[in-house]
Amino acid sequence: MAEAAVAGNGAEAKMRVWRGDASGGEFRDYTVPLEEGMVVLDVIHSIQAMHAGDLAVRWNCKAGKCGSCSAEVNGKPRLMCMTRMNTFEPGETITVAPIQTFPLVRDLVTDVSYNYEKAKTIPPFKPKPKEADGTRRMYQEDIDRVQEFHKCIECYLCQDVCHVIRDHNENKPSFAGPRFFVRVASLEMHPLDTDDRLEFLRNEAGLGFCNITKCCTEVCPEHIKITDNSIIPMKERVVTRFYDPIARLLGALGGKKS
Amino acid sequence: MSTVAIDKRTLRQDTWWLEPMLVVLGLGCFAIYSTWAALQNGNYYAAPYLSPFYSPCLAINCEHVSVPLFGSWYNWSPAILILWIPGGFRLTCYYYRKAYYRSFFWSPPACAVRDAASGYSGETRFPFILQNIHRYFFWASLPILAFLWWDAIIAFNFGGSFGLGLGTLVLITNAALLSLYSFSCHSCRHLCGGGLNSFKAAPGRYKTWGIVTKLNEKHMQIAWTSLVWVGLTDVYVRLLAHGVIQDLRFI
Amino acid sequence: MAGDSYETHEYDVVVVGAGGAGLRAGIEAHDKGCKTAIICKSLLGKAHTVMAEGGIAAAMGNVWPEDNWKVHFRDTMRGGKLLNNWRMAQIHAQQAPDRVLELEEWGALFDRTDEGLILQRDFGGHRYARLAHVGDRTGLEMIRTLQQRAVSLGIDVFMECNVQHLLMNDGRVSGAIGYWRESGELIVFNCKAVVLATGGSGKCWQVTSNSWEYSGDGMGMAMEVGADLIDMEKVQFHPTGMVWPPSVRGILVTEGVRGDGGTLLNSEGERFMFNYIPEFFKAETADNETEADAWYQDKKNNRRTPDLLPRDEVARAINSEVKAGRGTEHGGVYLDIANRRDADYIMRRLPSMYHQFKELADVDITKEAMEVGPTCHYIMGGVRVDADTSATAVPGLYAAGEVAGGLHGANRLGGNSLSDLLVFGRIAGESAADYALGAAAATAPAPAEVDRLTTLMLEPFTDRGGENPYAIHGDLQRTMHNLVGIIRTESEMLKAMEEIAVYKERAARVKVEGGRRFNPGWHLALDLKNLLAVAEAATLSALECKESRGGHTRDDYPDPDPRFGSVNVVTRKHNGTVSVSLEPLPEMPEELRKIVEEQV
């Protein structure tokens, strides 16, 4: 942290960081020394140590595994710990703003409780009985799809970038957001699960609000193909259940529970 | 508590507007050309090539009848009889939805750029709730594909003798690209196996699903390539029919 | 300050920490019928468990039917240089498989064998492939599964709430006091039992794989109310942390890289680990490359590669290579998997390692070798607990996970941490619940006590001299890195004690800027208390322990000394003074001793 002032080759990072809370605020400029390999989060820490000890920022692992340090860097939703400073032009002023979809607590920290409330509404895993020999048999090809969803680090960048709630606050009560479509998909495609969440998806979770414009997929730091692999497959299952009389008639083409 | 008080449409500094602009240009040009071509009601057949905009040609007064379903009372352009199928298929396609919601509706124009409209109900209400019938268009496009392949095959038949012209290759490529487009579609992927929760129990469908999944990853690229190609195919046949150019014969 | 308002909550059991151990404890206490709260410093699901990569060690025998709890027990004891609490090691080895299968019942998806069972992978010090895993993100799978289970059970979770002090009444724990990070408002919990599951203290050191949360909170608070700490000098330096670029120095490179075929090379391209096989492991370690390579395929007829010796051995070996001038440009050694495994295999088995190196260091591990070096990773020592109940010496206080000591002895094997969290998290939750259900109602703390603690917490806002908390923390980390690091010596540690005393004095003069609302400067100022307490306990223990064994290496006493072979180094605080003593380990029963000593 503080030793950044000693090392380095004289290069500097010019940052424009949002300071303030729900009552108001402004972008403030800071300049700190730049070391090789630094990421935006390192620079924020330098600002904390050298200029603004109370600069509020959320972070934990600094290795892209915990999903705490979400922010908007030059207007793009990103993990600060995975945004390297050398991806910007030398001398460029880099803007760091808090994520815009959730209420601001202070500086770069927002109140993400929306997500934790949505998580509580999801019908939990409900496994079928064990095999006759007392084991659980699942095969790799059956769980590959779901393991992709389990990579989610809950950084909520997909929730942040989703225009359904980002630009239309009034939709928040009726829309769960991409993170939770991924979660529901992981349960619906789980080879052991027996519950049915399609009605939930269509109604409470508001799957129909998604217009598949794919920003969630674009910002996902885990490169989960949120739209193609979870949202659209869920939309298709909802179609089978609610909008496709022929498929319902045939039955055979539907999901496990129809 | 309120969200951060930044009153800009976006803080992005890159050329986020470029992509929606190109899409408007691309889709706009195609829409204008295809409407014009579909309303021409002529110059869509240059033996042995039938323009895909008019295939299958279902009216008795067609320049080249595929199946005579409609009698001589029908004297509008026969393209109208069938173009609603590929049109509807593309209109409800998951990729094109993304493309036009972004570029035409600005909903949103790009990621982390504010929506143009203040209200939003997505695909929960009419008319957009109709997007859910996408798979019916997929089914309906299958017979069309069959006709396009048939057209490609008879494009080897030059007045009873076997031949190969540039037009033949154009038609084959067209049928191939449109097939790739149809079979890489998200609905097709679902129907092949996306609805299953255990692949182990259905190895055949797992394999098919796997192939379609691979194709599906390229759905956007295939969508654009096939769109451009089908337009060019019509242009080629139309120019032949007008006599502006001559078909290049290899055999 | 004194008289500041606070909110109060009543619970039977309060669990401090929401990593693997805390969540598992909370679930168990809830299932036992207790009104339970889980309190965590970060958002739910961000605890350090999320960073665990390799897997959960459990002798399920899915890959090697020869495996069973006895072999796991033996591996754990030998890896820990027999300084482990034998009973904890036994319970751990016996119960780990059930805990893993339980996760599966709650929705976890581990990688599979061809028969559809949980696949297990090789790891350092484990005789058989034993680690249930999900690629290289097992910790994420584990914490998400537990988190979702806790949420579905409706357990109350207090997120971004920092517990600062335990409250006592009549010689037993009666609650805890802390603050909300978001608002800075104070909060008091009245309860019958507290489970500490706060993790370790790696943030005392400069090069560490640990996150900011690892500030030794549980150890500091437990010591404050009279619990014992043991083996605080036993600190695990994981052999493979990233070394370049500087800003990522210390970030973990999973042992799974070696488990899946990666080898360590010095700058001369030599597989140097063959030169560092200790006598203790000679019989079971390959002494040539042919045998080591063959072992990956055929474990019956070959001995294991020395690349997978226990972590302390590998870390010391790397340290020696670098000191001898055979290190890489940036002071590490090479870890190469690209020369032995194809890109597909690497991407499937180690996807997050691939991304970590690609995005943070511009290194493509499917094509190039990684540069790695030791990083402070884990503390084997911690709060002394009873093996069967996880109870500390303080009535009503329980501890599980990294905060507790004993299970791992002098050195922890990879994969034994996640299983530790599950096994002892459950036991701590169960015992705390049993205790709470039989205890009298929770009592409110005396107002004077709350006033005293409130004053302590709000002091950094008063003008006391203008010390910067970030500067003190940075200095402490440098001291511990340079003077109480991987290789230690008396004169340096004495110097460290002097410096720690100065930091304590400086910490009393910290002044933070800004207000109470989400103020990281203030949070760090308060964390200094525990960081300094742990640093002091670790240094004092390290001075007392005049030998080298496992995660404690003395330059001035380079060999193990039987005098320290059967004792715990105990640190405790009495009337404000920290004392250190040597106390005998519990005696291992004969039949278990036979298992450990058996030659294979």
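Visitor: In which loop of chain A does A:Tyr156 lie?

Guide: In this predicted model, A:Tyr156 lies in the loop between α3 (140-150) and α4 (157-161) of chain A.

Visitor: Is A:Tyr156 buried or exposed?

Guide: The relative accessible area of A:Tyr156 is 3%, so this residue counts as buried, the cut-off being under 20%.

Visitor: Where is C:Asn575 placed, and is C:Asn575 buried or exposed?

Guide: C:Asn575 also has a phi that is positive, about 50°, although it is not a glycine, and its place is in the loop between β17 (567-574) and β18 (577-584) of chain C. With 71% relative accessibility, C:Asn575 counts as exposed because the cut-off for that class is over 50%.

Visitor: Which peptide bond of chain B is cis, and where is the proline placed?

Guide: The bond from B:Ser107 to B:Pro108 is cis, with omega near -5°, and B:Pro108 sits in the loop between α3 and α4 of chain B. In chain C, the bond that runs from C:Trp244 to C:Pro245 is cis as well, with omega near -5°, and C:Pro245 is found in the loop between β11 (235-242) and α6 (256-259) of that chain.

Visitor: Turning to interfaces, how much area do chain B and chain A bury between them?

Guide: The size of an interface is often given as the accessible area lost when the parts come together. Here chain B and chain A bury about 4,900 Å² between them, and 54% of it is on carbon and sulfur atoms. In chain B, the residues that lose the most area to chain A are B:Val4, B:Tyr120 and B:Asn197, which together make up 15% of what that side buries. Counted by residues, the contact takes 53 from chain B and 63 from chain A.

Visitor: How many salt bridges and how many residue pairs in polar contact are found between chain B and chain A?

Guide: Across the interface of chain B and chain A there are seven salt bridges; one salt bridge joins A:Glu236 and B:Arg135, whose closest N and O atoms are 2.9 Å apart. On the side of chain B that touches chain A, two or more residues come from each of α3 (94-103), α4 (134-154), α6 (186-194) and α7 (203-216) of chain B, and α6(B) gives the most, with seven residues. By class, the residues of that side divide into 21 nonpolar, 19 polar and 13 charged.

Visitor: Within chain A, which domains does the assignment give, and how far apart are their centres?

Guide: The domain assignment gives domain 1 (2-109) and domain 2 (113-250) of chain A, and their centres, taken over C-alpha atoms, are separated by 32 Å. The contact between them takes 14 residues from domain 1 and 16 residues from domain 2. Together the two domains of chain A bury about 1,100 Å², with 58% of it on carbon and sulfur atoms. Of the area that domain 1 buries against domain 2, A:Pro77, A:Thr101 and A:Phe102 supply 52%, more than any other three residues.

Visitor: Which side chains meet in a salt bridge there?

Guide: The count between domain 1 and domain 2 of chain A is one salt bridge, and the side chains of A:Arg166 and A:Glu72 meet in a salt bridge at 2.8 Å, N to O. The two domains also have five residue pairs in polar contact, both at pLDDT 80 or more. On the side of domain 1 that touches domain 2, β3 (70-73) and β4 (76-79) of chain A each supply at least two residues.

Methods: Residues are numbered from 1 along each chain as its sequence is written. Chains are lettered from A and ligands numbered from 1 in the order in which they are written. This is a predicted model: local features need pLDDT of at least 70, side-chain atom pairs count only at pLDDT 80 or more; totals for chains, interfaces and linings use all residues. Side-chain values use heavy atoms; hydrogens and water are left out. Domain bounds come from an automatic or database domain assignment. Contact means heavy atoms within 4.5 Å. Buried area is the accessible area (1.4 Å probe) that two parts lose on being put together, summed over both. A salt bridge is a side-chain nitrogen of Lys or Arg within 4 Å of a carboxyl oxygen of Asp or Glu. A polar contact is a pair of N or O atoms within 3.5 Å; within protein, one must be able to donate a hydrogen and the other to accept it, and residues adjacent in sequence count only if both atoms are side-chain atoms. Helices (H or I, at least four residues) and strands (E, at least two) are DSSP runs, numbered from the N terminus. Ala, Val, Leu, Ile, Met, Phe, Trp, Tyr, Cys and Pro count as nonpolar, Asp, Glu, Lys and Arg as charged, and the others, Gly among them, as polar. Buried means under 20% relative accessible area, exposed over 50%, partly exposed in between (1.4 Å probe, protein chains only).
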